[in-house]
Structure formats: C-alpha cells, structure tokens
Amino acid sequence: MKLIGSLTSPFVRKVRIVAAEKHIDYEFVLDVPWNEDTQVPNFNPLGKVPVWVLDDGKTLFDSRVIVEYLDSVSPAGHVLPKDARPRIAVKRWEALADGIADAAAAVFIEKKRPTTQQSPDWIRRQMGKVNAGLKAMSEELDAVKTQPAWCAGDTFSLADIAVGCALGYLDFRFPEVEWRRAHPALAELYDRLMQRATFKETVPVA
C-alpha cells in the first residue's frame, strides 16, 4: 500500500499518524499537488492529497475516508469508537478541526498570489472561521471533566489526532496566530500530543 502526499498537509499528517498508531506499513510517496510535475491527478481526479493506494491499485482519497478505512483494517489501537453516538462525537471533532485546517490553507494559498490580487475580505472571512473554530474547540475541551482531558471521552482518539494536526498546521504556517495564549486548554492538549512519537515524527516541514 502507498500513501501519496506532502510533508506540509495537515490532512496527510492525520493519515500518517493514524497509520502509525495502528502499526500499518505503507510506502510514503512524496508529491506536492502544486508542482508542475505532480502525479496526484493520476490517482485522484480532484488533484488533492492525501491519496491512499491499495494493493490492487484502487485509490482512496479524502483523509476522512482514508482514516476510516485504516481503522477498519487493523484491530490495533482503534481511533474510532464502534458505537454510533460516541463515533459521531469523534467525527464531529474531526469535522471541526478539518474545517479550521481548510480555512487556514485557503488563506495560505490566497497569500501566495500577488499582493494586488489578494482579497483582504476573503482572508478575514477565512481567519474568522479559524478563530471561531478554535474558540469552539477550546470551550468544549474546557468542559471535559476527566484528566487528562481528551477531546471525545476519556481516551485518545481520532478527535485528538485531527485537532492536533490542525493546531500543528497553524504553528507551521501562521505562527502569528497566538492560539496558545488565547486557548490554554488546547495548548495543553497539543503539548501532550507532541510527546507521542507519532506526532514528533510527522511535524510539518517545508
């Protein structure tokens, strides 16, 4: 099996962490979709990473689909609950974290355009989503009574992985966003996640 992706994408990082937590072996193929010589569209018609290539050549894309597949093929270290209600709770956290990462990535792409072509209104709107998402996650994490506090329930799950990847992407691309000072509960969670080998080994690099 292969994973096609970049070293900077928070969504690729999410897949890498899930695969590592579940001890799933694969070949990591580096490919940046923005490069002219990218091969990503040959595997995903949407031209996005991550892409998971199965042994029979079929492909899975969108990180949410890939991590569900990975969680189903190995019994080790499940990151998604089996019961419907807690599973939806985890997926809700994942959707919120992915939404933050999506909005932040949209700003990063917009800022790569010439200054005269950038839309300040668009940037403000996307950063508004980032800040609102951070606030929502922080408030929900603050409400957790168990210690150490995990996002969904009393155990480490995909919710924590997705949140950690979104926060790591902000650290990487937007160090000026002072989310740690504004949201200490999220900072504590991320610092704890960074003690795990799976997070240490997947820190985004340019």
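Is Lys 91 buried or exposed, and what is its relative accessible area?

1. Lys 91 is buried, with a relative accessible area of 17%, where buried means under 20%, exposed over 50% and partly exposed in between, computed with a 1.4 Å probe on protein chains only. Lys 91 belongs to helix H3, residues 84-111, and, apart from neighbours within four places in sequence, Lys 91 is in contact (heavy atoms within 4.5 Å) with Arg 64, Glu 68 and Leu 80.

2. This is a predicted model, in which local features need pLDDT of at least 70 and side-chain atom pairs count only at pLDDT 80 or more, while totals for chains, interfaces and linings use all residues. Residues are numbered from 1 along each chain as its sequence is written, and side-chain values use heavy atoms, with hydrogens and water left out.

3. An open sheet of 4 strands runs in the order E2-E1-E3-E4 with mixed pairing; helices (H or I, at least four residues) and strands (E, at least two) are DSSP runs numbered from the N terminus, and two strands pair if DSSP finds at least two bridges between them. Its edge strands, E2 (27-30) and E4 (59-61), each pair on one side only. Strand E1 (residues 2-5) pairs with E2 in the parallel sense over 4 bridges, and Lys 2 has Glu 27 in E2 as its bridge partner.

4. The structure holds 0 disulfides, a disulfide being a pair of cysteine sulfur atoms within 2.5 Å. The sulfur of Cys 151 has its closest cysteine sulfur in Cys 165, 12 Å away, which is too far for a bond. Cys 151 is buried at 6% relative accessibility, and Cys 165 is buried at 2%.
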